[in-house]
Amino acid sequence: FDDTQKGVVEFRNVSYRYPGAEEDAIKDITFKAEPGKTTAIIGSTGSGKSTLVNLIPRFYDATEGQVLVDGVDVRDVKQHDLREKIGYVPQKISLFKGTVMSNIKFGNENATDEEVKKAAEVAQAAEFIERLPNGYDSEISQDATNISGGQKQRLSIARALVKKAEIYIFDESFSALDFKTDRALRKALKEYTENSTVIIVAQRISTIMNADQIIVLDDGKIAGIGTHEEL
Ligand code: ATP
Ligand code: MG
């Protein structure tokens, strides 16, 4: 990696086509996401938001163009080194049967209990966790059927935050939160991720209004890019 950069994500004319598909899911995407800044990605369902962000941790590779992290093509980086830089909250959250503590620590096995609690606070999860019968030692059932959708999202966010990553990706991670929680979370997140690159996929305008850069996807293409005022 170029050591003068930490967490810079750059897409250069990136297209991606799923194997067997007749059309590119994303087409000729070019943008740069920088440390200390929030990049929001919006667009209707199927417009390619998840496909785009999934290229960063290399769940698959660009069909055309280049994805660079800190100036290096992600294909030239050891997967372990790449993933270590990234805190990722997938759109399809998966928690496992185990305690709340172990579910959050899954993001960073070396995290101290204090660090887990801090991540939970930022994720607006601490309050409901402390109200559970056994607090952080409470059991999450298989498929997390014993907690709500919004609680699952917040645990999953805490799991990503406990990692202290250079790049955070949140794919529809705030969609089940009420407006008040969403706002409190974004405020805490801003402080916690101060020097990191934050990429937020969202539908709700209020979630992304204050982003430094908003990318509007339409049918896999960038239909607009700029701040909320500019768009
Ligand atoms: P949503 O808001 O519903 O999450 P999205 O903007 O994240 O949508 P993507 O999931 O990136 O959209 O999908 C973009 C396009 O790629 C869609 O046409 C979708 O059908 C297609 N697609 C997504 N995943 C796959 C896959 N695993 N195999 C084939 N095609 C896929
Ligand atoms: Mg998606």
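## Questions about a predicted model

Colleague: Where in the model is N13 found?

Modeller: This is a predicted model, where local features need pLDDT of at least 70, side-chain atom pairs count only at pLDDT 80 or more, and totals for chains, interfaces and linings use all residues. Residues are numbered from 1 along each chain as its sequence is written, while chains are lettered from A and ligands numbered from 1 in the order in which they are written. Strands (E, at least two residues) and helices (H or I, at least four) are DSSP runs, numbered from the N terminus. N13 is found in residues 9-16, which form strand β1.

Colleague: Is N13 buried or exposed?

Modeller: We count other C-beta atoms, placed from the backbone, within 10 Å of the residue's own: 20 or more is buried, 12 or fewer exposed, and in between partly exposed. N13 has 12 of them, so it is exposed.

Colleague: And Q124, buried or exposed?

Modeller: Q124 sits in the loop between α4 (113-122) and α5 (126-131). Because it has 26 C-beta neighbours inside 10 Å, Q124 counts as buried.

Colleague: How many Å apart are the end C-alpha atoms of helix α6?

Modeller: Happy to work through it! The expected span is 1.5 Å times one less than the number of residues. Helix α6 (residues 149-161) has 13 residues, so it should span 18 Å, and this agrees with its end C-alpha atoms, which are apart by 18 Å.

Colleague: How many of the 13 residues of α6 are buried?

Modeller: Among the buried ones are L155, I157 and L161. The helix α6 is largely enclosed by the rest of the structure, because the buried residues number 11 of the 13.
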